[in-house]
Amino acid sequence: MGKFHVMNHPLIQHKLSIIRDKKTATNEFREVVNEISNLMAFEVTRDMPLMDVDIETPMAVAHAKQLAGKKVAVVPILRAGIGMVDGILQLLPSARVGHIGMYRDETTFEPHEYFCKMPSDIEEREVLVVDPMLATGGSAIMAIDALKKRGAKNIKFVCLVSAPEGVKALEEAHPDIDIYAASLDEKLVDGYIVPGLGDAGDRLFGTK
Ligand code: PRP
């Protein structure tokens, strides 16, 4: 059974306030989304398996630890998920990146998949699906469906702001995955997270 984690680290909370602010312009928004993603990656990787290794220091042999070769794929949901990729790759430089394109119908909020390109060994990798917003949950559910269809088994979902409705829907559709969010917001109004941060894709890329 997956868990829902809200990351209340003070640095994450402080930076989240910066991107919520409607006065924050595109360049700063982009930079701070990357910084938050980097901090979240630190927490999300907390349970990565280690193995024992002997390392010769200049003084003696140290019985030390190394990551047990776990392979990771970061999968942004296009477009807005792209804003979270670099911050995560800074901590996991050898991770592969898969892309999945989803757009929400502007009136029904039904998600539609328009692109999918994954690393060929996706089924062997720990997959971090990233998207700044978990609103109705439709996009995340459909993206994870597509990944499971391609054989991915070990999946985590990482977002910045989430709505209770989206968390519930994602937990019901994919009870096996862990969900990480920087905030659980109050509610969903007309498909948008309130108070939220507006439309993450538009704020990242300066579109409207
Ligand atoms: C936004 C957001 C998520 C999705 C969340 O994307 O980035 O992908 O909506 O909503 P849901 O949980 O109700 O599915 P949007 O469709 O606006 O596309 P964009 O990222 O290209 O702006």
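I find Val 75 opposite Val 129 in β8. I note that this is a predicted model, in which local features need pLDDT of at least 70, side-chain atom pairs count only at pLDDT 80 or more, and totals for chains, interfaces and linings use all residues. Residues are numbered from 1 along each chain as its sequence is written, and side-chain values use heavy atoms, with hydrogens and water left out.

I took strands (E, at least two residues) and helices (H or I, at least four) as DSSP runs, numbered from the N terminus. Two strands pair if DSSP finds at least two bridges between them. β4 (residues 72–78) and β8 (residues 126–130) run parallel and are joined by five bridges.

I then checked β5 (residues 96–97), which is parallel to β4 and linked to it by two bridges; Ala 73 has Arg 96 as its partner there. Two bridges also pair β4 with β6 (residues 99–104) in the parallel sense, and Leu 78 stands opposite Gly 101.

**Ala 135**

I located Ala 135 in the loop between β9 (133–134) and α4 (138–149). Ala 135 counts as buried because its relative accessibility is 10%.

Definitions and conventions
Buried < 20%, exposed > 50% of the residue type's maximum accessible area, 1.4 Å probe, protein only.
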